[in-house]
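Subject: Structure handover

Hello,

Please find the structure below. My notes on it follow.

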Amino acid sequence: MTHRAARFLWVCALTAGCLLALTAAVTAQTSRPADAKQAVEAAFAQAKADDVAILAPKKFASANKLFSEYQKAAKKGDKPDKLRRKADQAMAALKAADDAAGLTRAALKDTLTVRREALAFGGKIFKQTAFKDAEKSFSEACLKCEKDEVKEARAKAKRAEKEYRKVTVKLLQDVVLKDAKKRLGNVKGGLVKETYQAAEQQLEGAENNIDSAGKTPFSVAELTTETFNRIQRAYELAGLDK
């Protein structure tokens, strides 16, 4: 066998191997085995955790419907080919929803930051129910994004931001600071005047900071952190941190 012929056979074998590998990869991506139930369920669970149901509600609802059909078929014990087909349909729809959610994240990134920080704070007190009006505006913004109506989506998102901030200020004033003042007042009689005044000044500083921040757009995380830090310093001065 000549050197040229040997090289030709080697190239043919290499090409065939690459084609087989590519075919296997494509098949793995587009045709899931019948026992892939856990993987499909995990993908949908992750999508929910990533708020895809909120960011792309209609597309996720369509995907979730196909997912439910897949689960029913799996429970019935349908044939592997049918299960693979249903799994592929559900996963393709989920990818479309995830892609749409990605576009919403990009378009409403500032609002998403405000929302995440507000819910992280509010969830500690009212399990996020205090933000229902803001959440409604945000959901409407996501629907607009899904329809590619970005300008209208951002307008609704701005309204949601104002509501998240408004509720944050209210919770800080009416719940967090009110409770801190009550606790400090309860130990006033056992403190020397100067110690009590120093602790009280920390709470007054927190209150002034909240009042000032409420008049302009502010970082929810920064405001809540500063408020809790001032309250903690007041508690340390009054001996309430023990």
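How many aromatic pairs does the count come to? The count comes to four, taking rings of Phe, Tyr and Trp (its six-membered ring) as paired if their centres lie within 6.5 Å.

Before the details, a word on the source: this is a predicted model, in which local features need pLDDT of at least 70 and side-chain atom pairs count only at pLDDT 80 or more, while totals for chains, interfaces and linings use all residues. Residues are numbered from 1 along each chain as its sequence is written, and side-chain values use heavy atoms, with hydrogens and water left out.

Aromatic pairs

One of the pairs is F44 with F60: the ring centres are 6.2 Å apart and the planes stand at 55 degrees, so this pair is tilted (planes under 30 degrees apart count as stacked, over 60 as edge-to-face, the rest as tilted). F44 belongs to helix 2 (residues 37–49) and F60 to helix 4 (residues 57–76), 16 residues apart, and the pair links distant parts of the chain. Helices here are DSSP runs (H or I, at least four residues), numbered from the N terminus.

F44 also pairs with F67, and that pair is stacked, with 4.2 Å from centre to centre and 10 degrees between the planes. Since F44 lies in helix 2 and F67 in helix 4, the pair ties together parts 23 residues apart in sequence. Ring pairs thus join F44, F60 and F67 into a cluster.

F44 has 1% relative accessibility and counts as buried; F67, with a relative accessible area of 8%, is buried, and F60 is buried too. (Buried means under 20% relative accessible area, exposed over 50%, partly exposed in between, with a 1.4 Å probe and protein chains only.)

Helix 7 and helix 8

Helix 7 (residues 132–146) packs with helix 8 (residues 150–186) at an angle of about 165 degrees, the axes being 8 Å apart. The two are therefore roughly antiparallel (angles over 145 degrees count as such). Contact, meaning heavy atoms within 4.5 Å, involves residues including F138 and C145 of helix 7 and A157 and Y164 of helix 8.

Two loop residues

D51, in the loop between helix 2 and helix 3 (52–55), has a positive phi of about 65 degrees although it is not a glycine. At 27% relative accessibility, D51 is partly exposed. D148, in the loop between helix 7 and helix 8, also has a positive phi of about 65 degrees and is not a glycine. D148 is exposed, at 62% relative accessibility.

Regards

How values were computed:
Axes are lines fitted to C-alpha atoms, for helices over the stretch in contact, and angles run from 0 to 180 degrees between N-to-C directions. Angles under 35 degrees count as roughly parallel, over 145 as roughly antiparallel, 65 to 115 as roughly perpendicular and the rest as oblique.
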